[in-house]
Amino acid sequence: MLPGLVVPPAGLPQVQRGDLCAIALVGNRAPVAIGVAAMSTAEMLTSGLKGRGFSVLHTYQDHLWRSGDKSSPPSIAPLALDPLDLSEEKGSVQADPALQGDMRRLTLEGEEEESGEVQQMYEEKSLSEASEDPSPGGLNPDPTDSRTLQEQMDELLQRCFLQALKCRVKKADLPLLTSTFLGSHMFSCCPEGRQLDIKKSSYRKLSKFLQQMQQEHIIQVKELSKGVESIVAVDWKHPRITSFVIPEPSPTSQTIQEGSREQPYHPPDIKSLYCVPASMTLLFQESGHKKGSILEGAEVRAIIISYAKKNDLVDADNKNLVKLDPVLCDCILEKNEQHTVMKLPWDSLLTRCLEKLQPAYQVTFPGQEPIVKKGKICPIDITLAQRASNKKVTVVRNLEAYGLDPCLVAAILQQRCQASTTVTPAPGAKDSLQVQIQGNQVHHLSWLLLEEYQLPRKYVQGLEKAPRPGKKK
């Protein structure tokens, strides 16, 4: 299918319908599938990269592959001038390099489900494979450091592990998928200018490293479902955690792009307001307000209290009660109450008044003028959808209302979840985009929105859809 096809800067290769094509992942020249083009390059572009692009004949890990020796082919580095070497994608899935020949090559975003097998691939994956830094692992080693690059990577791995446990993981997060621990916590603790690459450490795999940490009694790891491991316990009193010195925080994990420069993301200040409807103008006109006036909750309370005292409505025998005159009766009482309810306590009167007003809100971004809108602010909406291929995808909407760029959020999630992401127009919403991530990625979204971006939980809905530990995403 064409959605997920990566268009390089030089454009797609020119193919005609019926041409035999090799399909590869970004960052690896080895094909992962062989197929026949179902349309020409021009037709693909005309369709907006939608629909079926290829009829697949053979893929890595299909029945044909399983009938052989089931070997894992080596990773083939992109050519120095390869226009397809654009960015890091999910999974180091490869195909036999002999299949390449002189076939035309197309590059797709990875789309594997996170099963036990893919989790192992995820653990082996790191952010450094796509780096063009000539130094191995992108470490930029200090020439005065006598340690080998492997020793430096071991030290970085230990540092990210301890910092993640001390600063990011809470007891309530347990049990925690080891893949989530790596993607959402350890990678985020990597210092600016360095890249965590487990394959370049002496451990080679996350599972082997975590086994060592378990032997040191820092954590306890269990396989809660077949092939999927989770951290089920942490000894936060362990000397290695208590003695770990937290480095100075880097702002780069919470950045948004504005023009050509980056700046830290700060959540907006959101304030609930109230709008005077036509049915309540008589109550508010004495204080100089009219239909459509926007008021804060404190202003509404002050106006009601002033109105009651000015019109001598406070009960003489019980100061906690307010007598209802015709204006108050019309504004706050239901029709069946107007001949039966004569007095109300202060708190009931104020509550009813606020409920009868129309909702509005004010959003203030740092360094900007406040924006006032009628209605209720839509929360960031997280939903799970089932596609025709029976694969789950996580869909996120309404990011723009909180000053978040959907494209930048998609890029962050693609890196952390190691899953394909797409940004498309949100159905039924004008000038709004939605982010779609393959698999159930609610855990990653929860950490990004609540912990890193510090958005109040009440403005994010759908967090309860996170996968339960031990349950396949």
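## The loop containing Gly27

Gly27 is located in the loop that connects β1 (20–25) and β2 (31–37); helices (H or I, at least four residues) and strands (E, at least two) are DSSP runs, numbered from the N terminus. This is a predicted model, in which local features need pLDDT of at least 70, side-chain atom pairs count only at pLDDT 80 or more, and totals for chains, interfaces and linings use all residues. Residues are numbered from 1 along each chain as its sequence is written, and side-chain values use heavy atoms, with hydrogens and water left out.

With a relative accessible area of 28%, Gly27 is partly exposed; buried means under 20% relative accessible area, exposed over 50%, and partly exposed in between (1.4 Å probe, protein chains only). A separation of 6.9 Å is found between the C-alpha atoms of Gly27 and Ala77, which are 50 residues apart along the chain.

## Helices α4 and α5

Helix α4 (residues 149–168) and helix α5 (residues 178–186) have axes that come within 10 Å and cross at roughly 85 degrees. Axes are lines fitted to C-alpha atoms, for helices over the stretch in contact, and angles run from 0 to 180 degrees between N-to-C directions. The two helices α4 and α5 are therefore roughly perpendicular to each other (angles of 65 to 115 degrees).

On α4, the contact (heavy atoms within 4.5 Å) is made by Leu157, Cys160, Phe161, Ala164, Leu165 and Arg168, and on α5 by Phe181, Ser184, His185 and Met186. These residues divide into 7 nonpolar, 2 polar and 1 charged. Ala, Val, Leu, Ile, Met, Phe, Trp, Tyr, Cys and Pro count as nonpolar, Asp, Glu, Lys and Arg as charged, and the others, Gly among them, as polar.

## The five-stranded sheet

An open sheet of 5 strands has the order β18-β19-β17-β16-β20, with mixed pairing. Its edge strands, β18 (421–425) and β20 (460–461), each pair on one side only; two strands pair if DSSP finds at least two bridges between them. Strand β16 (residues 380–386) runs parallel to β20 and is joined to β20 by 2 bridges. Asp381 has Gln461 in β20 as its bridge partner.

## Helices across the sheet

Helix α12 (residues 406–417) lies across β18 and β19 (433–438), at about 160 degrees to β18. Helix α13 (residues 442–452) lies across β16, β17 (392–397), β19 and β20, at about 170 degrees to β16.

Helix α13 is mostly covered, with 9 of its 11 residues buried; among them are Leu445, Trp447 and Glu452. Just after α13, Gln454 adopts a positive phi of about 60 degrees.

Note on methods:
Angles under 35 degrees count as roughly parallel, over 145 as roughly antiparallel, 65 to 115 as roughly perpendicular and the rest as oblique.
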